[in-house]
Amino acid sequence: MTEQEIRCLLKEQPEKGERELFDIYYHYVYTIVYHKLCNIGSREDIEECVIDCFVEVFTHINPDYDGSLKAYIGTVAKHKAINAGKQLQAKAKRNIFLEEEKFCELSSDENIEDLTEQSEQTEILMQCISELGEPDTTIMIQKFFYNHSAIEISHIVKLNPVAIRVRCSRALKRLKTMLLARNFTF
Amino acid sequence: MNQKKIRKLLHHMNEQTAKKIADEYPATDQATKEKIYHQICERRNAMNEKKETISETYHTPYVKFVSWTKTFGIATACMLIMGGTIGGIWKLTRLNPPSEELNSMTENNSNTDISTTNQTESTTSSETLTTTQALAVIATSTDVTTTHTEMSTTTTSMMISTMAATMQTAPVTVITTATTIPAVHKETVIISETEPIITDSVPESPEPPITAPPIPETTVITTPQSETMTTRPAYLKAYLEICENDHQEFGGDNTRYGLYDIDKDTIPELIINHTSYWMDMYSYADDQIYTIMDRYPYGAGGNTGYRIYPFENCITYSFTEFAGLIHYDCFLTITPEHTLEETDMLTSYIFHDDNNDGIPQEEEINRDGSLSKCYLNNKEITLQEYEQFQNEHAIEEIGLDIDKSYDEIVAQLTNY
């Protein structure tokens with residue numbers, strides 16, 4: 001379904017249009033939120049943020065808006081996730097007041113050199129994972145990016161958990177060979 | 001293969017890569033998606049109801065005022081009632097002293113003296129009597145008269161009965177005169193009550209023996225942490241020795257070490273993983289080391305390694321036969337005797353074994369990888385029971401935590 005069709009459906013049958021919108025962009029929103037919150041929040045926090053995103057979109061969406069729906073939804077998801085991340089970090093009390101004396105001594109954890117190297121390594125890793133072929137690529141992403149268990153992966157790729165584990169271990173071996181061939185060091 | 005590093009790299013990917021993954025791969029299963037959609041609908045309905053409620057109260061401020069007044073009035077009335085009840089109870093307790101005080105005033109404990117004086121010379125005698133006895137004496141005696149008036153004996157007895165009602169059972173000391181006195185004589189009757197005197201004859205209620213409250217039994221559980229207050233736990237030294245010996249004998253950068261309390265006896269087990277070759281496991285109890293796993297191999301026959309349940313005393317591993325067409329999941333537990341015992345074995349066939357010989361033929365293989373037969377401890381079970389067993393024993397890999405190098409485990413054991 002194209003974005004124009006979704007807009008028409010939202011005007012004529014709002015409930016159906018919202019359901020269609022949800023079906024098409026659910027995984028997109030979830031991944032964006034997950035990417036922002038995976039290191040900060042739990043799975044429940046991520047689901048809560050996804051719910052907030054869609055409630056926000058359904059409440060404020062204007063069917064007459066001509067711009068890209070995907071971009072709009074992606075931006076809402078990203079900002080909601082950033083806000084949620086800040087709230088979670090505030091709860092974790094990992095903040096310091098500006099007035100405190102130690103504030104000036106604070107330095108950033110980020111090491112630009114390491115970050116650059118990491119992003120290059122991530123790109124190589126993603127390339128090798130996509131070269132594994134289906135369903136191994138999906139299994140690897142579900143396991144190592146989304147942190148799903150074998151049983152959860154089995155519901156997604158429609159294989160039994162035993163086969164998932166066997167495929168995963170074999171895929172890891174193949175991945176290791178491919179990465180070593182590209183001088184990837186662990 | 002360092003799975004932790006793969007996870008770390010994927011979690012720190014840039015936004016473009018994340019969006020690419022979002023476009024191409026599903027994020028969750030259908031059940032989670034439906035659950036989230038249902039919660040979205042609920043929240044929207046709740047928001048719509050709240051809007052209607054707010055608009056109603058906004059358009060009727062008078063109703064709002066009335067309802068607030070009602071609430072306030074009810075609250076005030078409740079407080080007044082409660083205050084009145086509490087005050088009444090307090091007042092009643094003050095007016096009517098407890099019955100124990102009354103019962104403590106026994107006949108022998110209080111004295112009321114009635115002294116009479118008269119102007120005539122006469123011998124007087126006094127004795128302590130109970131009130132009823134005194135009343136009898138006074139009623140029959142003509143020697144006692146009240147002041148100010150000349151009274152007959154009957155009037156006197158009426159007054160005495162009235163006095164008795166107020167005096168209750170207080171004993172009365174009556175002083176009587178031996179001689180009779182003419183009625184015209186005015187005598188002063190003085191009635192006074194003295195403090196009750198506790199005599200030896202009053203039976204004392206036996207006081208309950210004073211005993212100290214029982215001291216609750218406390219049990220002291222010595223844990224490795226508490227033991228470190230005074231001495232380091234003995235298992236640290238034993239494990240350190242094992243690690244040193246193992247490193248000396250086999251060496252290698254691929255050996256990984258870990259500590260994990262599998263049998264939940266508060267002392268962790270030492271796990272040595274000779275990556276891709278074999279795994280050793282040691283336990284410490286009763287001041288000695290027990291070998292739980294001695295060179296348990298893996299890497300061949302589809303055995304990818306041993307996994308430990310994080311919350312139960314359970315180790316699991318799997319292996320295959322016929323290139324994966326028969327799959328075995330084995331579940332082991334550490335017994336109280338510090339041995340490893342197999343509790344369950346789950347078998348699954350990825351071929352329909354029509355001739356029941358347990359050997360897959362070419363035409364029997366399920367090309368789509370689906371399961372045909374399942375067995376639990378060699379008894380056939382249905383696919384649903386197989387899935388249920390799998391769900392109950394959902395494995396979260398903890399083998400990733402067995403990833404300390406030799407130097408790291410030595411540092412951990414030394415600096416515990």
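Helices (H or I, at least four residues) and strands (E, at least two) are DSSP runs, numbered from the N terminus. The model shown in every view is predicted, so local features need pLDDT of at least 70 and side-chain atom pairs count only at pLDDT 80 or more, while totals for chains, interfaces and linings use all residues. Residues are numbered from 1 along each chain as its sequence is written, and chains are lettered from A and ligands numbered from 1 in the order in which they are written.

**View 1. The loop between S7 and S8 of chain B holds Asp286(B) and Asp287(B).**
The loop lies between strand S7 (278–285) and strand S8 (288–297) of chain B. Phi of Asp286(B) is near 50 degrees, a positive value in a residue other than glycine, and Asp287(B), likewise not a glycine, has a positive phi of about 60 degrees. Most residues other than glycine have a negative phi. A residue is buried if 20 or more other C-beta atoms lie within 10 Å of its own, exposed if 12 or fewer, and partly exposed in between, with C-beta atoms placed from the backbone. Asp286(B) is exposed because 7 other C-beta atoms lie within 10 Å, and Asp287(B) counts as exposed with 8 C-beta neighbours inside 10 Å.

**View 2. An open sheet of chain B is built from four strands in the order S5-S6-S7-S8.**
The pairing in this sheet is antiparallel, where two strands pair if DSSP finds at least two bridges between them. Strand S5 (255–260) and S8 of chain B are the edge strands, each of which pairs on one side only. Neighbouring strands are turned by 15 degrees against each other on average, direction ignored; axes are lines fitted to C-alpha atoms, for helices over the stretch in contact, and angles run from 0 to 180 degrees between N-to-C directions. S7(B) and S8(B) are joined in the antiparallel sense over seven bridges, and Pro297(B) in S8(B) is the bridge partner of Trp278(B).

**View 3. Strands S9 and S10 of chain B pair in the antiparallel sense, as do S10(B) and S11(B).**
Three bridges connect strand S9 (residues 306–308) with strand S10 (residues 315–321) of chain B, and Tyr306(B) stands opposite Tyr317(B) in S10(B). Between S10(B) and S11(B) there are seven bridges, with Phe331(B) in S11(B) as the bridge partner of Thr316(B). The hairpin of S10(B) and S11(B) has four residues between the strands, and Phe322(B) there takes a positive phi near 55 degrees.

**View 4. Strand S12 of chain B pairs antiparallel with S11(B) and with S13(B).**
Strand S11 (residues 326–334) and strand S12 (residues 340–349) of chain B pair over nine bridges, and Thr333(B) faces Glu341(B) in S12(B) as its opposite residue. In their hairpin, which has five residues between the strands, the phi of His338(B) is positive, near 65 degrees. Four bridges link S12(B) to strand S13 (residues 373–376) of chain B, where Cys374(B) stands opposite Ser348(B).

**View 5. Helix H5 of chain A packs with helix H1 of chain B.**
The axes of H5 (residues 112–131) of chain A and H1 (residues 3–11) of chain B are 9 Å apart and meet at an angle of about 105 degrees, which means that H5(A) is roughly perpendicular to H1(B). Angles under 35 degrees count as roughly parallel, over 145 as roughly antiparallel, 65 to 115 as roughly perpendicular and the rest as oblique. Gln118(A), Gln121(A), Thr122(A) and Leu125(A) in H5(A) are in contact with Ile6(B), Leu9(B) and Leu10(B) in H1(B), two residues being in contact if their C-beta atoms, placed from the backbone, lie within 7 Å. The residues of this contact comprise four nonpolar, three polar and no charged; Ala, Val, Leu, Ile, Met, Phe, Trp, Tyr, Cys and Pro count as nonpolar, Asp, Glu, Lys and Arg as charged, and the others, Gly among them, as polar.

**View 6. The interface brings 44 residues of chain A into contact with 42 residues of chain B.**
H2 (14–37), H3 (43–60), H5, H6, H7 (150–157) and H8 (161–181) of chain A each supply at least two residues of the side of chain A that touches chain B. H2(A) gives the most to this side, with nine residues, and the residues of the side divide into 28 nonpolar, 13 polar and three charged.

**View 7. A cis peptide bond joins Glu134(A) and Pro135(A).**
Omega of this bond is about -5 degrees, and Pro135(A) is found in the loop between H5 and helix H6 (136–144) of chain A.
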